[in-house]
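Reader: I am new to this structure, and I would like to learn how to read its helix contacts and its pockets. Could you take me through them slowly?

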Amino acid sequence: MKALILTPIEDEFLALTEMLCELGCQSTTRQIGKLCAREYASIGLLVVLGGLGKAQFGIHAQHAIDALGGVDLLVCAGSAGGLGGIGRIGDVAVATETIEHDFKWGMLDKPLPRFAGSAEHIETLRSIAPDDYGWDFGVSFGPVASGDEGIADADRARRLHADTDAIAVAWEGAGGARAAGFSGVPFLEVRGISDGAGGDAPDEFRQNLPIAVKNVARVLLRLALSYNADTR
């Protein structure tokens with residue numbers, strides 16, 4: 001499997017790649033078109049900075065897909081706010097679907113755009129038991145809301161959960177999902193919970209981003225090894 005992983009911001013990129021290094025994964029620097037990547041050839045992972053917001057993330061994702069070729073999976077990986085009281089700080093949310101919650105149809109009465117996560121890779125992750133690896137965090141599966149809106153208000157978070165049934169909210173997933181769908185590449189969004197999407201979200205985000213994204217790295221490594229078990 002060749003998996004292209006994009007993180008929205010540099011802090012997430014650094015946390016994810018540092019964790020892979022701590023877990024013993026060797027990497028090299030590789031240029032993918034205009035983007036610089038960390039390549040983990042033995043496990044089939046490439047990590048690229050995706051950019052903040054749906055539009056920038058979608059541009060980087062499409063550019064990387066086109067420049068790289070032969071991508072088996074596109075992953076949007078990063079931090080997220082937790083919704084609906086599901087999960088704790090540091091838990092990992094795997095999106096069964098990514099819902100573009102800020103897509104406003106206006107006068108047209110149409111549902112929010114929804115992008116299904118790759119069923120094959122979701123089922124592979126469902127088969128991974130956290131206790132088998134001594135993880136001190138949980139892995140939850142459900143919708144993830146995507147929109148260019150910082151959710152830092154408890155009432156807004158409750159409304160968003162009620163509207164979408166999402167277990168987490170972040171910005172960039174829909175941009176990556178659209179690029180993946182355009183190119184016929186399976187898509188997956190994996191987010192670590194860094195905050196509760198309430199009034200304390202900005203401070204919680206800054207404090208908890210490293211551990212949240214490092215837990216995402218642990219999950220993605222197990223996914224990669226399940227497809228490349230003979231390499232380790």
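This is a predicted model: local features need pLDDT of at least 70, side-chain atom pairs count only at pLDDT 80 or more; totals for chains, interfaces and linings use all residues.

Reader: How do the axes of helix α3 and helix α6 cross?

Author: The axes of α3 (residues 119–126) and α6 (residues 201–227) come within 10 Å and cross at roughly 105°. Because angles of 65 to 115 degrees count as roughly perpendicular, α3 is roughly perpendicular to α6. On the α3 side the contact is made by Glu-120, His-121, Thr-124 and Leu-125, and on the α6 side by Val-219, Leu-223, Ser-226 and Tyr-227.

Reader: At what angle do the axes of α1 and α6 cross?

Author: The axis of α1 (residues 10–22) comes within 8 Å of that of α6, and the two cross at roughly 50°, which means that α1 is oblique to α6. This crossing is right-handed. Among the residues in contact are Ala-15 and Leu-16 of α1 and Val-213 and Ala-217 of α6, and by class the contact has 11 nonpolar, no polar and 6 charged residues.

Reader: Which residues lie nearest the centre of the largest pocket?

Author: Rolling a probe the size of a water molecule over the atoms shows where empty space is left. The largest pocket holds about 370 Å³ of space, and of its 21 lining residues Gly-150, Ile-151, Trp-171, Asp-195 and Phe-205 lie nearest the centre. The lining divides into 12 nonpolar, 4 polar and 5 charged residues.

Reader: Which element gives the largest share of the lining of the second largest pocket?

Author: That share, 4 residues, comes from α4, and the volume of the second largest pocket is about 170 Å³.

Note on methods:
Residues are numbered from 1 along each chain as its sequence is written. Side-chain values use heavy atoms; hydrogens and water are left out. Axes are lines fitted to C-alpha atoms, for helices over the stretch in contact, and angles run from 0 to 180 degrees between N-to-C directions. Angles under 35 degrees count as roughly parallel, over 145 as roughly antiparallel, 65 to 115 as roughly perpendicular and the rest as oblique. Contact means heavy atoms within 4.5 Å. A crossing is left-handed if the near helix is turned anticlockwise from the far one by less than a right angle, and right-handed if clockwise. Ala, Val, Leu, Ile, Met, Phe, Trp, Tyr, Cys and Pro count as nonpolar, Asp, Glu, Lys and Arg as charged, and the others, Gly among them, as polar. On a 1 Å grid over the protein atoms alone, a cavity is a set of points where a 1.4 Å probe fits but cannot get out, and a pocket is an open set with protein on both sides within 12 Å along at least five of seven lines; lining residues have an atom within 4 Å of a point. Grid points are joined across faces, edges and corners, and a volume is the space filled by probe spheres set on the points.
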